[in-house]
Amino acid sequence: MESIAFFDAKPYDRVWFSRLNKNFDIHYFENRLTQETVSLAQGCSAVIPFVNDDLNATVIQKLYDYGVKIIAMRCSGFNNIDRKAANGKLKIVRVPGYSPYAVAEHAIGMLLCLNRKIHKAYFRTRDFNFSLNGLTGFDLYGKTVGVIGTGKIGQIFIKICQGFGMNVIAYDPYPISNPDFKYSDLDTLFSNSDIISLHCPLTEQSHHIINSESIKKMKDNVFLINTSRGLLIESESLLEGLRSGKISAAALDVYEEETDFFFEDYSDKVKRDMVLSMLLSMPNVLITSHQAFLTTEALHNIAEVTLQNLSDFYSGKELINEVR
Ligand code: NAD
């Protein structure tokens, strides 16, 4: 039986992997995969990492030296792997679309919650405070939403927005054919959108796609949503946009320095990221801890596809989810 090292393992990860795994000896490690923890993979022929594991060139070389043959990402993104270093040494597979509904619905949930101040009302009414002061939102109906990235998640997000009666404009360097929404260039999207939602991967082109220059081009009072990757937004510029009032609200499921904090409980620690602390202190910012994917259906699909990717590799079948 092949031994496999599973990094950054949380109780909710294990549920479906334990239930569906029949063929592998999986070692669950709570540690993230880093230069300091890579030695845990000794004796294993595969690793199962997640979004915030650090698969840099040194880690890749060590995995290769230990005899690891394949990196089976249990997520769709792979921006945390040095692919050049892995080339010719380790295969990489991923789970391309485990539940696009989970992420699109979470983005909508954050928009509704923050716009209609539901997070505030929840606490107010529990305290027998039934005042409506400060809880005014806006109708989504008739507003224009700009969607950056029209892949699996972006398209579902668009359908939901259309259900609310919103106008959609989108930008994607690889547009889909026969869309029932309009594509535009980025500048037009920035200057016409009341709400902007990011659904593109993190690449060299999309790194800090939201920065001080792009924020200047946006409508006043724009509402930003990011459920994709933290490094799509330059956080200092976001903070400045919020401070000046240019940006009316930000719903963030990801943050550019999230690796140091997300998925763990630091509530009793004084170590704080200053920008993250500032964002969290703002009444018009809602932050969740990279949880958009977290539905039963998504966790099931992640386990099923990851285990299938590994079975295909060990039985010499074509790797349909290979990252090249
Ligand atoms: P996808 O590959 O189906 O779609 C991505 C789309 O983005 C593609 O159409 C692509 O052409 C487009 N794109 C590429 N570069 C772009 C750019 N510079 N500007 C605009 N568009 C660009 O991916 P998906 O399944 O829809 O996922 C989208 C992203 O969501 C992932 O890359 C990942 O970062 C993020 N994600 C987040 C979570 C979470 O829990 N928060 C979970 C899954 C995925």
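Okay, so let's start at the ligand: 24 residues surround it, and the closest are Lys 152, Ile 153, Asp 172, Thr 227 and Asp 253. Keep in mind that this is a predicted model.

What's the make-up of that shell by class? We've got eleven nonpolar residues, nine polar and four charged.

Now for the backbone contacts. Ile 153, one of the closest residues, has a backbone N or O atom 2.9 Å from an oxygen atom of the ligand. Thr 227 is also on that closest list, and here a backbone N or O atom lies 2.9 Å from a nitrogen atom of the ligand. Then there's Phe 293, where a polar backbone atom is 3.1 Å from a ligand oxygen.

Okay, zooming out to the whole chain. It's divided into two pieces: domain 1 is 2–98 plus 296–314, and domain 2 is 100–287. How many residues does each domain put into the contact? Domain 1 gives 13, and domain 2 gives ten.

That's my tour, over to you folks.

Methods. Residues are numbered from 1 along each chain as its sequence is written. This is a predicted model: local features need pLDDT of at least 70, side-chain atom pairs count only at pLDDT 80 or more; totals for chains, interfaces and linings use all residues. Side-chain values use heavy atoms; hydrogens and water are left out. A residue is near a molecule or strand if one of its heavy atoms lies within 4 Å of it. A polar contact is a pair of N or O atoms within 3.5 Å; within protein, one must be able to donate a hydrogen and the other to accept it, and residues adjacent in sequence count only if both atoms are side-chain atoms. Ala, Val, Leu, Ile, Met, Phe, Trp, Tyr, Cys and Pro count as nonpolar, Asp, Glu, Lys and Arg as charged, and the others, Gly among them, as polar. Domain bounds come from an automatic or database domain assignment. Contact means heavy atoms within 4.5 Å.
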